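Here is a short walk through one protein model, written for someone who likes to look at side chains up close. Have the viewer open and follow along.

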Amino acid sequence: MSTNPDEPKSRARTDFLLNNESEVQKFWDENKVFEADPGNEPPSPGEKFFGNFPYPYMNGLLHLGHAFSLSKLEFGAAYHRLRGSNVLLPFAFHCTGMPIKASADKLAREIQQYGYPPVFPVAEGSSVAVADAIQADQADVVAPDKFKGKKSKATAKAGAQKYQWEIMKSFGLNDEEIARFQDPYHWLTHFPPLAKEVLQKFGLGCDWRRSFITTDMNPYYDAFVKWQMRKLKKLGKVVKDMRYTIYSPLDGQPCADHDRATGEGVQPQEYILIKMEVISPFPPKLKALEGRKVYLAAATLRPETMYGQTNCWVLPDGMYGAFEINDTDVFILTARSALNLAYQHLSRVSEKPTCLCKLSGTDLIGLPLKSPLAFNETIYALPMLTVLTDKGTGIVTSVPSDSPDDFMALQDLVAKPALRAKYEVKDEWVLPYEIIPIIHIPEFGDKSAEKVCHDLKIKSQNDKEKLAEAKRMTYLKGFTDGTMIVGEFSGRKVQEAKPLIKSKLLEEGTAVLYSEPEKKVMSRSGDECVVALTDQWYITYGEAEWKQKAVKCLDRMDTFSTETRNGFEHTLGWLNQWACSRSFGLGTRIPWDEQFLVESLSDSTLYMAYYTVAHHLQNGNMYGKEISSVRPEEMTDEVWDFVFCDGPAPKSDIPAALLNKMKQEFEYWYPFDIRVSGKDLIQNHLTFCIYNHTALLPEHHWPLGFRCNGHLMLNSEKMSKSTGNFLTLEDAIKKYSSDATRFALADAGDGVDDANFVTETANSAVMRLTKEISWMEEVTAAESKLRAGPPTTYADRVFENEMNIAIIETEKSYNAFMFRAALTSGFYDLQSARDEYRLSCGAAGMNRDLLWRFMDVQTRLITPICPHYAEHVWQKIMKKEGFAIKAGWPVADTPDPTLRIANKYLQDSIVSFRKLLQKQESGSKKPKKGAAPAPPAEEKKMSIGLIYVDEHYSGWKEQCLRVLQSKFDSQSRSFAPDKEIAEALKECPIGQEMNLKQVQKLCMPFIKKKKDEALEVGPQALDLKLPFGEMDVLRENMELIKRQLGLEQVEVLSASDEAARAKAGEHVSLLEKNAPGVPIAIFLSRQG
């Protein structure tokens, strides 16, 4: 290649890689290298590899987060292709659900409100600007793999935020083009082709014939989803039921995970709403409510504690309202909780809470109340400063016997007259009320809150950290170990009594059920979600028999990490019925109830099977619009059953040969070998995938593996458009090239923790790859100058051994889908070995055959990660036939671990010798403190090196090793207890000569070191000498040592040879440090 090494900042190297990538991709395309067809017979083990990836959502451009997850599949598939497997990697585009429709509608509203092209307000802080900024932020989330920064766009100045129009502008669209996106179906024709184009530039080894989009825009996929839903219903897996679900009031439908801008994974939280009746006469603020039954409605998770109520709490500055529940009942609570109730059939007007009057928390203080189960006939509403109005109803029951928060707040009111005076709290509302013991906890007694608050020395209700700890201690113990000591369930365990007391309250009508989201959930349309009680279609995930099948599938699957398996087990533990119907958005109609659509997480659970036949139906067109030999209406349930479920041959106009071909193709590729995804999809999509496969397909077609990864950071910060720390895949390829981007993605990390794409790594990869190409060109051009013949030298043997090790270690890493490790052993370590070999060869030069093998091995090992680079080397430099991506895995001879250890010993010794030489030549003595610095000594030039080797442990070290040998179990790789080892040492000669304390001081550090080594490498670490001849290694490499140290003469001597020791002269005392693995060098000048 032609580049200027003096201009690293220029684009020449990147442009070279980009041009090469374009040529290689054209070459691949012409030869259809990624089109995968099945064999005629069922595949033998390892013959085929079918991997897939959750199709990305098409409301924007693909970014590095998508590419990171996808790269795990791409690298793994490329590895199996390289090995000779028949590899199928398909790719599709998800368009179902809310996000596209919400964005299209928002765009239409902006044009209607601000004109065409729209002129947006620029005033900072305007309510319109803020509201639209929030909506833009939410609509701009890319599902399902979008990774957002911590800072929301809406938190910055509204004037700096983007409207949907501006978001579309950022995609490089002009005004006329943007206007077309008011039609949600236009998104489906615009973004999927762009995604395909950038993935082709990325070098994705995809069979694009099988690509498709979802929704009814693709009639074949639409038919597939309808079959899937009908089959689930026929099996009893889809039912209509009244259930609590997260719901978007603005959209008028349930809001599932992928319909949400924030709050993915949040579930409904059920409370018991205690009806605390306000005792008449009502104060002036409540006069409008005379004649109605008025209740303060307090949400609780602990109905069993209601016996101990002493009061209830309100937030003095909180905003409340009196809301009509029915013709007679009025609940006082927050507007937020009233809205939730209105969607749970607890409002006189369904879905529209009616507020009869607005109230502040101060208005409620002092209200006399009659509360169910309370031993106190009348309790009062009192002020509490820590009441939350964004959780529950803003009304809180007070049980100071068992709630540390209640205990401390009540104590503050009792002990602080000024606090009572501030909120006009009368003494008779507080002082007469004693703590009522209701639950006995063995560890804390009958008044757990009081005891724990005293133990933790909590001073007031504002001591939040200690109170949180107190709650943790008392609530858990109260439930697991507590026993009721009052009421009709006295003597029963709390966990038994709790559901009985809950039922009693509900049956008596003194409480109602209430649900709200566990945490705040925002829909993609920009509104805050509630919990609604809806009558709709559900998939019965969690049903006992079905769950058992899902667990069985998981048990035999490869999850590649314990964390991933734990995530699936946790999800299978809690996952229950899932709302699968929607009335708004894009998708497939529920076939038996067409007012509803199939929601986006329910039409994407079995589509991996659809990949196996998509090309037969769609004729290579992702929209299913090409002329095909099969009409969509011909894909009946009987046909799908025949193809996927071993059903009988259908009566069909589809040619029998084609039907059999589709069935045979499915049977060949299934089950899929791996599905790669971000870990956030474990809690929904991936677990749904397991459930649907176990319900609909025979057991031998259940999934074999899921590999999950963390999110991707960019330069150690969260990727975020709002902060500018963001890269689309297209931009990354333009900036660094595809191979350098892939290199940095492989280096970003392998586990389930968040990974880190480092732009400097990508820049460095550009340099590394192009420099490697230049070096190979130089080597091949100078072939005649290289050493011919078989490899014979020590350096040859070491280099060849390192290549064998690299092949085996890299193979292990690729098999485990650990690509950072594969990059380390298959590229970085090989580079280091090559560079060391170049230095070690000296005048004799490098061996031609070894260098050719190095180029071959390194190219194959890096092929899955940098395939375009590999093709260039394979064809242009090495002049090989065929494709690098199908070249086969290199063959390795059995590595010699001893040779590797010996070489490390050699290299470490040279480094140590160099430091000693520099120290000896420059002089190391410092002047004493306060003394004048000595004049610089004339630097001595050392020309002779005497290297002393002690190859055997002797004396007390030998005794220690013999004891350790006798106390080591090589099978379990474990030692006897230290006490037993110490006893054995006492019986040795050294134990006779010294007391135990002296023996331990001398021996134990050495013993610990050797024990650690033995646990790592085995019993050979306890041998009395190293597993190689130290003197042999050093003598064989004397020329290298001389050259590296700049010496004229080197001798390797035995430290036990008296004649050799005499040569050390005045330096002989240094030889006391000699030990196996620790050679000592003494340097002399010719005059010395």
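Arg 302 lies over the face of Tyr 475, at 4.1 Å from the ring centre. A charge is said to sit over a ring if NZ of Lys or CZ of Arg is within 6 Å of the ring centre and within 35 degrees of the ring normal. Tyr 538 is another ring to look at: the charged end of Arg 243 sits over it, 6.0 Å from its centre.

A word on what you are viewing: this is a predicted model, in which local features need pLDDT of at least 70, side-chain atom pairs count only at pLDDT 80 or more, and totals for chains, interfaces and linings use all residues. Residues are numbered from 1 along each chain as its sequence is written, and side-chain values use heavy atoms, with hydrogens and water left out.

Next, the aromatic rings. The whole structure holds 67 aromatic pairs, where rings of Phe, Tyr and Trp (its six-membered ring) pair if their centres lie within 6.5 Å; planes under 30 degrees apart count as stacked, over 60 as edge-to-face and the rest as tilted. Two of these pairs are set out here.

| Pair | Centre to centre | Angle between planes | Class |
|---|---|---|---|
| Phe 91 and Trp 208 | 6.1 Å | 55° | tilted |
| Tyr 668 and Trp 669 | 4.8 Å | 90° | edge-to-face |

Phe 91 and Trp 208 link distant parts of the chain, 117 residues apart. Phe 91 is in the loop between β2 and α3 (99-114), while Trp 208 is in the loop between α7 (184-202) and α8 (219-234). Helices (H or I, at least four residues) and strands (E, at least two) are DSSP runs, numbered from the N terminus.

Finally, the strands. Four of them form an open sheet in the order β2-β1-β23-β24, with parallel pairing; two strands pair if DSSP finds at least two bridges between them. β2 (86-88) and β24 (706-709) are the edge strands, each pairing on one side only. Strand β1 (residues 48-52) is joined to β2 by three bridges, and Lys 48 stands opposite Asn 86 in β2.
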